[in-house]
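Hi everyone, thanks for coming. I'd like to walk you through one structure today, so please have a look at it on the screen.

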Amino acid sequence: MKLDVKYETGVVWQDFQHKQLIDLFEKIKEARSDNKDKNLYRYTIAFLAMYVNHHFKLEEEYMDKYTYPDTALHRKEHQEFIKEIKAFREENINYSEKGADELLTRMGEWILSHILENDQKLGEYIRSFEQKKSAS
Ligand SMILES: [Fe+2]
Ligand SMILES: [Fe+2]
(Lines give C-alpha, C1' and ligand atoms only; values in the text may rest on other atoms or scores of the structure.)
(Ligands and ions follow the chains in the order given, each with its own letter.)
Protein backbone atom coordinates (compact mmCIF):
# COMPACT_ATOMS: atom_id res chain seq x y z
CA MET A 1 0.00 0.00 0.00
CA LYS A 2 1.18 3.48 -0.75
CA LEU A 3 1.44 5.95 2.10
CA ASP A 4 -1.24 8.57 1.45
CA VAL A 5 0.38 11.99 0.93
CA LYS A 6 -1.65 13.41 3.76
CA TYR A 7 0.39 11.25 6.16
CA GLU A 8 3.77 12.31 4.83
CA THR A 9 6.14 14.14 7.14
CA GLY A 10 8.70 14.93 4.45
CA VAL A 11 11.46 13.19 6.42
CA VAL A 12 12.61 10.24 4.32
CA TRP A 13 13.30 7.67 7.05
CA GLN A 14 10.15 8.63 8.94
CA ASP A 15 7.92 8.28 5.88
CA PHE A 16 9.59 5.00 4.98
CA GLN A 17 9.02 3.54 8.44
CA HIS A 18 5.43 4.77 8.62
CA LYS A 19 4.77 3.02 5.34
CA GLN A 20 6.28 -0.17 6.74
CA LEU A 21 3.99 0.10 9.77
CA ILE A 22 0.91 0.60 7.64
CA ASP A 23 1.94 -2.35 5.48
CA LEU A 24 2.15 -4.48 8.61
CA PHE A 25 -1.42 -3.58 9.48
CA GLU A 26 -2.41 -4.59 5.96
CA LYS A 27 -0.65 -7.90 6.46
CA ILE A 28 -2.54 -8.48 9.70
CA LYS A 29 -5.76 -7.67 7.89
CA GLU A 30 -4.93 -10.32 5.28
CA ALA A 31 -4.08 -12.88 7.94
CA ARG A 32 -7.35 -12.01 9.66
CA SER A 33 -9.35 -12.83 6.55
CA ASP A 34 -7.36 -16.00 5.97
CA ASN A 35 -8.32 -17.89 9.09
CA LYS A 36 -6.06 -20.79 8.26
CA ASP A 37 -2.84 -18.98 8.90
CA LYS A 38 -2.69 -18.31 12.63
CA ASN A 39 1.08 -18.40 12.66
CA LEU A 40 1.37 -15.62 10.14
CA TYR A 41 -0.99 -13.57 12.30
CA ARG A 42 1.04 -14.11 15.47
CA TYR A 43 4.33 -13.61 13.75
CA THR A 44 3.18 -10.34 12.18
CA ILE A 45 1.95 -8.98 15.50
CA ALA A 46 5.26 -9.85 17.15
CA PHE A 47 7.06 -8.14 14.32
CA LEU A 48 4.78 -5.11 14.56
CA ALA A 49 5.57 -4.75 18.28
CA MET A 50 9.29 -4.95 17.56
CA TYR A 51 9.16 -2.56 14.66
CA VAL A 52 7.09 -0.01 16.58
CA ASN A 53 9.69 -0.07 19.34
CA HIS A 54 12.48 0.52 16.88
CA HIS A 55 10.58 3.31 15.14
CA PHE A 56 9.69 5.15 18.35
CA LYS A 57 13.27 4.94 19.55
CA LEU A 58 14.57 6.50 16.38
CA GLU A 59 12.07 9.37 16.58
CA GLU A 60 13.05 9.91 20.21
CA GLU A 61 16.74 9.97 19.31
CA TYR A 62 16.05 12.79 16.88
CA MET A 63 13.97 14.64 19.48
CA ASP A 64 16.90 14.51 21.89
CA LYS A 65 19.51 15.33 19.27
CA TYR A 66 17.62 18.39 18.03
CA THR A 67 16.15 19.36 21.43
CA TYR A 68 12.57 19.13 20.25
CA PRO A 69 10.30 21.23 22.49
CA ASP A 70 7.37 18.74 22.57
CA THR A 71 9.46 15.72 23.47
CA ALA A 72 7.74 14.90 26.77
CA LEU A 73 4.25 14.69 25.28
CA HIS A 74 5.34 12.82 22.19
CA ARG A 75 7.36 10.33 24.21
CA LYS A 76 4.42 9.77 26.55
CA GLU A 77 2.21 8.85 23.61
CA HIS A 78 4.78 6.36 22.40
CA GLN A 79 5.00 4.78 25.84
CA GLU A 80 1.23 4.44 26.07
CA PHE A 81 1.08 2.69 22.74
CA ILE A 82 3.85 0.28 23.72
CA LYS A 83 1.96 -0.50 26.92
CA GLU A 84 -1.19 -1.10 24.95
CA ILE A 85 0.35 -3.42 22.43
CA LYS A 86 2.06 -5.34 25.23
CA ALA A 87 -1.26 -5.76 27.07
CA PHE A 88 -2.92 -6.79 23.84
CA ARG A 89 -0.35 -9.52 23.23
CA GLU A 90 -0.71 -10.82 26.77
CA GLU A 91 -4.49 -10.96 26.51
CA ASN A 92 -4.50 -12.39 23.00
CA ILE A 93 -2.03 -15.24 23.06
CA ASN A 94 -4.31 -17.22 20.81
CA TYR A 95 -5.86 -15.93 17.66
CA SER A 96 -9.41 -14.67 17.80
CA GLU A 97 -11.39 -12.71 15.27
CA LYS A 98 -12.44 -10.29 17.97
CA GLY A 99 -8.82 -9.69 18.96
CA ALA A 100 -7.75 -9.17 15.37
CA ASP A 101 -10.53 -6.66 14.75
CA GLU A 102 -9.69 -4.78 17.91
CA LEU A 103 -6.04 -4.54 16.96
CA LEU A 104 -6.81 -3.43 13.44
CA THR A 105 -9.27 -0.73 14.33
CA ARG A 106 -7.99 0.65 17.61
CA MET A 107 -4.26 0.46 17.02
CA GLY A 108 -4.46 1.13 13.32
CA GLU A 109 -6.38 4.32 14.00
CA TRP A 110 -4.02 5.27 16.77
CA ILE A 111 -0.99 5.07 14.48
CA LEU A 112 -2.65 7.16 11.79
CA SER A 113 -3.85 9.88 14.14
CA HIS A 114 -0.46 9.92 15.88
CA ILE A 115 1.20 10.52 12.51
CA LEU A 116 -1.20 13.35 11.70
CA GLU A 117 -1.03 15.06 15.07
CA ASN A 118 2.43 14.39 16.41
CA ASP A 119 4.77 12.96 13.81
CA GLN A 120 4.06 15.60 11.21
CA LYS A 121 4.89 18.30 13.74
CA LEU A 122 8.10 16.50 14.58
CA GLY A 123 8.88 15.98 10.89
CA GLU A 124 8.50 19.67 10.20
CA TYR A 125 10.81 20.47 13.09
CA ILE A 126 13.44 17.98 11.90
CA ARG A 127 13.30 19.36 8.36
CA SER A 128 13.68 22.99 9.43
CA PHE A 129 16.48 22.05 11.82
CA GLU A 130 18.36 20.20 9.10
CA GLN A 131 17.83 23.00 6.61
CA LYS A 132 19.29 25.53 9.01
CA LYS A 133 22.19 23.20 9.69
CA SER A 134 23.00 22.74 6.00
CA ALA A 135 22.70 26.48 5.36
CA SER A 136 25.20 27.42 8.03
FE1 LIG B 1 5.83 9.39 17.00
FE1 LIG C 1 6.12 7.82 13.84
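What spacing do the donors of the iron ion (ligand 2) follow along the chain? The pattern is H-x36-H-x3-E-x59-D. By donors I mean N, O and S atoms within 2.8 Å of the metal (3.2 Å for Na, K and Ca), and since water is not among the atoms, sites may look incomplete.

Some housekeeping before I go on. This is a predicted model, where local features need pLDDT of at least 70, side-chain atom pairs count only at pLDDT 80 or more, and totals for chains, interfaces and linings use all residues. Residues are numbered from 1 along each chain as its sequence is written, chains are lettered from A and ligands numbered from 1 in the order in which they are written, and side-chain values use heavy atoms, with hydrogens and water left out.

Back to ligand 2. H18 and H55 each give NE2, while E59 gives OE and D119 gives OD, at 2.1 to 2.2 Å. The angles among these 4 donor atoms run from 84 to 172 degrees, and the site is irregular. Helices here are DSSP runs (H or I, at least four residues), numbered from the N terminus. Both H18 and D119 are buried, meaning under 20% relative accessible area (1.4 Å probe, protein chains only).

Now the partner ion. E59 bridges the two iron ions, ligand 2 and ligand 1, which lie 3.5 Å apart. The iron ion (ligand 1) has E59 (OE), H74 (NE2), H78 (NE2), H114 (NE2) and D119 (OD) as its protein donors, 2.1 to 2.3 Å away. H74 belongs to helix α3 (residues 71-91) and D119 to helix α4 (residues 97-135), so they link parts 45 residues apart in sequence. H74 is buried too, at 1% relative accessibility.

Methods. Helix = DSSP H or I, 4+ residues; strand = E, 2+ residues; numbered from the N terminus. Buried < 20%, exposed > 50% of the residue type's maximum accessible area, 1.4 Å probe, protein only. Tetrahedral: all angles 85-135°; square planar, octahedral: opposite > 155°, others 65-115°.
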